[in-house]
Amino acid sequence: MNRLKSLIFLLVLTTLYYCKAPTPQSEPKALVADTTGFQWRTEMFADIQINRYIIPGWEKLSPQQRQLTYYLVQAGMEGRDIMYDINYRHNLEIRKALEQIYRDYQGDRSSADWQKFHTYLKRIWFSSGIHHHYSMNKLQPEFPVSYLDQLLQETGTSLSSEALDAIFDPTKDPKKVSLDPDSDLVLSSAVNFYGPDLTQREVEDYFENIIDKDDPTPISYGLNSRMVRQADGTVAEEVYKVGGKYGAAIEKMVGWLEKAVTVAENQQQAQALELLISYYRTGDLETWDEYNIAWSQATEGDIDYITGFVEVYNDPLGYHGSYETIVEINDFDATERMKVLMENAQWFEDNSPLLDEHKKDNVVGVSYKVVNVAGESGDASPSTPIGVNLPNANWIRSNYGSKSVSLGNISDGYKMASAGGFEEEFLLTDEQRERSKRYGSLGDKLHTALHEVLGHASGQIEPGVGTPKETLKNYRSALEEGRADLFALYYLIDPKLIELGLVPSDEVAKSEYDIYITNGLLYQLRRLQLGEDIEEAHMRNRAFVARWAYEQGKTDNVIEEVEQNGKTYYIINDYQKLRELFGALLREVQRIKSQGDFEAARSLIEDYGVKVDPEIHREVLDRVATLKGAPYGGFINPRLVPVLENDQIVDVRVEYPEDFTEQMLEYSGEYGNL
Ligand code: ZN
């Protein structure tokens with residue numbers, strides 16, 4: 001289970017809400033994108049909000065790289081219908097009928113029933129089917145069946161009685177994926193990986209027979225197929241390939257991939273693409289493995305992608321993959337930040353507040369990969385992961401490596417779409433709010449870079465002391481995350497960052513300090529139910545860092561608790577003193593790790609990072625409830641438009657569509673392959 005999809009929801013709820021503001025010319029240009037006036041959130045309906053993302057760095061790609069991106073995105077889009085059909089056997093029929101009604105209906109489009117009909121259709125687009133993308137429960141239309149009958153008649157649209165039942169009968173296929181161990185998982189799941197009436201037992205027997213358990217390099221059995229019972233009673237796989245199941249869509253995908261090969265950035269990339277094409281033609285899972293090995297090793301170049309039948313979460317038995325595509329381009333800004341920090345890693349180590357014996361003589365920064373999405377399809381769209389770690393086959397990962405990426409512009413899109421709410425509710429002064437809106441995004445990115453590249457790489461354990469896993473046990477993760485955070489916080493306000501061109505001023509650090517303290521002491525409590533302790537390592541880390549700094553700074557009033565209109569706020573009176581406190585705690589946390597001091601780790605975390613004041617907790621929950629935002633978010637994709645010269649594509653430009661419904665209808669028209 002490598003996919004970070006489950007983190008999307010978490011991210012929306014956990015990340016602080018920042019906002020970028022207009023950027024004056026004097027600031028380091030490469031580090032801040034000017035997105036003044038860009039509408040990040042376009043609409044909300046049901047439990048969904050629709051956001052947009054931009055593609056930073058598009059202008060830094062060559063025309064050939066932009067063509068490559070375009071072909072990969074087109075290939076991905078051609079498979080869009082596959083995901084609808086995988087999710088449920090009636091989905092495509094229902095979607096097509098409802099889209100026809102939406103296009104052709106001449107009657108009253110302002111009525112309440114029409115609005116409900118439109119919302120239902122939007123929810124289907126969002127979930128690629130009539131089951132909720134996250135809860136897996138069937139969506140309930142809020143208009144009566146008589147209304148749909150009327151719309152069908154007036155637009156001359158046909159819909160089978162089975163499909164109509166599927167929409168309105170809550171007892172029919174209520175759950176896309178059932179994980180109820182007392183039921184037959186295959187029979188009780190609506191997902192279309194299995195033909196009607198196929199049982200869990202039949203499927204398990206089938207795989208029991210074909211899987212070679214002694215094979216150290218097993219293929220991903222069943223990954224690209226649907227299973228059916230044949231006329232003679234035996235079970236067989238319908239393989240997804242050109243000329244096979246979903247052949248019409250896959251053939252178009254292959255057509256675009258063949259164009260992509262001609263503009264590949266390098267030989268390894270081209271070779272991986274050729275293996276992918278071969279796999280789509282044959283459906284051969286050995287070729288899929290060869291492709292994944294080639295893809296894992298194709299690490300040069302600015303363009304990358306994931307595509308295919310990849311994740312198996314939608315199969316209650318975990319064999320069959322859902323279709324998805326994500327096309328990624330290098331995040332040039334993040335790469336530049338990382339490079340600058342890597343080059344100066346030793347300076348940071350030498351000048352840190354650590355005890356000398358705990359500093360590394362030769363520190364090497366940890367690289368991490370941030371990419372920006374250029375287009376997504378299938379199970380990755382409109383609802384998208386924020387990070388991907390592939391391939392899934394363990395033997396390929398350990399023998400040939402893997403790729404782990406964060407989708408930078410998607411994370412940004414989520415934050416920006418919710419911007420403003422956090423500042424208005426949890427920051428007290430106009431100065432704090434303005435600073436956060438202006439520098440919050442940069443402060444967050446720099447904090448992450450310092451945390452990942454230098455924080456985790458810093459420090460050393462004293463000779464003879466066991467590993468943190470042995471010495472610090474259950475407190476190891478929270479302590480380690482706190483250590484990396486403290487390293488980042490300590491350096492954020494260092495003039496060295498201005499000298500290195502990473503920040504324009506210490507306003508960035510002040511903004512991040514405001515947000516960090518407010519989050520650690522207040523805002524993050526929204527993720528807990530009343531009465532719960534803090535358990536999760538990152539939450540414990542933020543709590544103990546913020547709480548310790550608050551308590552230790554009390555005599556100098558470094559951080560002040562302010563009550564206003566029944567609400568609690570935190571004001572930082574002295575940012576430099578706070579930095580010194582962060583430095584002192586960093587030295588102590590490093591000492592605990594270096595010496596394996598379990599008792600000190602336990603009291604630090606238990607005293608400052610676990611308990612929650614119930615009154616403050618209740619207040620935070622009340623205040624969060626007033627913030628606008630839906631539980632689930634997804635994205636409108638940018639539109640890549642080819643630039644033609646003599647009927648040849650010579651370049652590609654980007655447009656940013658604003659309307660979700662229009663994009664969905666456009667996709668269904670252009671990529672309606674099944
Ligand atoms: Zn970390």
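Me: Setting aside neighbours within four places in sequence, which residues is Glu619 in contact with?
Reply: In this predicted model, Glu619 touches Gly566, Lys567 and Thr568 once neighbours within four places in sequence are left aside.

Me: Where is Glu619 placed, and is that residue buried or exposed?
Reply: Glu619 sits in helix 25, which covers residues 614–625. With a relative accessibility of 14%, Glu619 counts as buried.

Me: What does the side chain of Glu619 make a polar contact with?
Reply: The partner is the side chain of Arg623, at 2.6 Å.

Me: Which side chain meets Arg623 in a salt bridge?
Reply: That of Glu425, with an N to O distance of 2.9 Å. The pair links distant parts of the chain, with Glu425 in helix 16 (residues 421–426) and Arg623 in helix 25, 198 residues apart.

Me: Are Glu425 and Arg623 buried or exposed?
Reply: Glu425 is buried at 10% relative accessible area, and Arg623 is buried at 4%.

Me: How many salt bridges does the structure hold?
Reply: There are 40 salt bridges in the structure. One of them joins the side chains of Arg226 and Glu238 at 3.3 Å, N to O. Arg226 belongs to strand 3 (residues 225–229) and Glu238 to strand 4 (residues 235–239), 12 residues apart. Arg226 is buried, with a relative accessible area of 10%, whereas Glu238 is partly exposed at 27%.

Me: Which residues are linked in a network of salt bridges?
Reply: Glu431, Arg435, Glu507, Lys510 and Asp514 form such a network.

Me: Now the metal. What are the protein donors of the zinc ion?
Reply: The zinc ion has His451 (NE2), His456 (NE2) and Glu481 (OE) as protein donors, lying 2.1 Å from it. Their spacing in sequence is H-x4-H-x24-E. His456 lies in the loop between helix 17 (430–455) and helix 18 (468–471), while Glu481 is in helix 19 (residues 476–492), 25 residues from His456.

Me: Is Glu481 buried or exposed?
Reply: Glu481 is buried, at 15% relative accessible area. His456, by contrast, is partly exposed at 24%.

Terms used: Residues are numbered from 1 along each chain as its sequence is written. This is a predicted model: local features need pLDDT of at least 70, side-chain atom pairs count only at pLDDT 80 or more; totals for chains, interfaces and linings use all residues. Side-chain values use heavy atoms; hydrogens and water are left out. Donors are N, O and S atoms within 2.8 Å of the metal (3.2 Å for Na, K and Ca); water is not among the atoms, so sites may look incomplete. Helices (H or I, at least four residues) and strands (E, at least two) are DSSP runs, numbered from the N terminus. Buried means under 20% relative accessible area, exposed over 50%, partly exposed in between (1.4 Å probe, protein chains only). A polar contact is a pair of N or O atoms within 3.5 Å; within protein, one must be able to donate a hydrogen and the other to accept it, and residues adjacent in sequence count only if both atoms are side-chain atoms. Contact means heavy atoms within 4.5 Å. A salt bridge is a side-chain nitrogen of Lys or Arg within 4 Å of a carboxyl oxygen of Asp or Glu.
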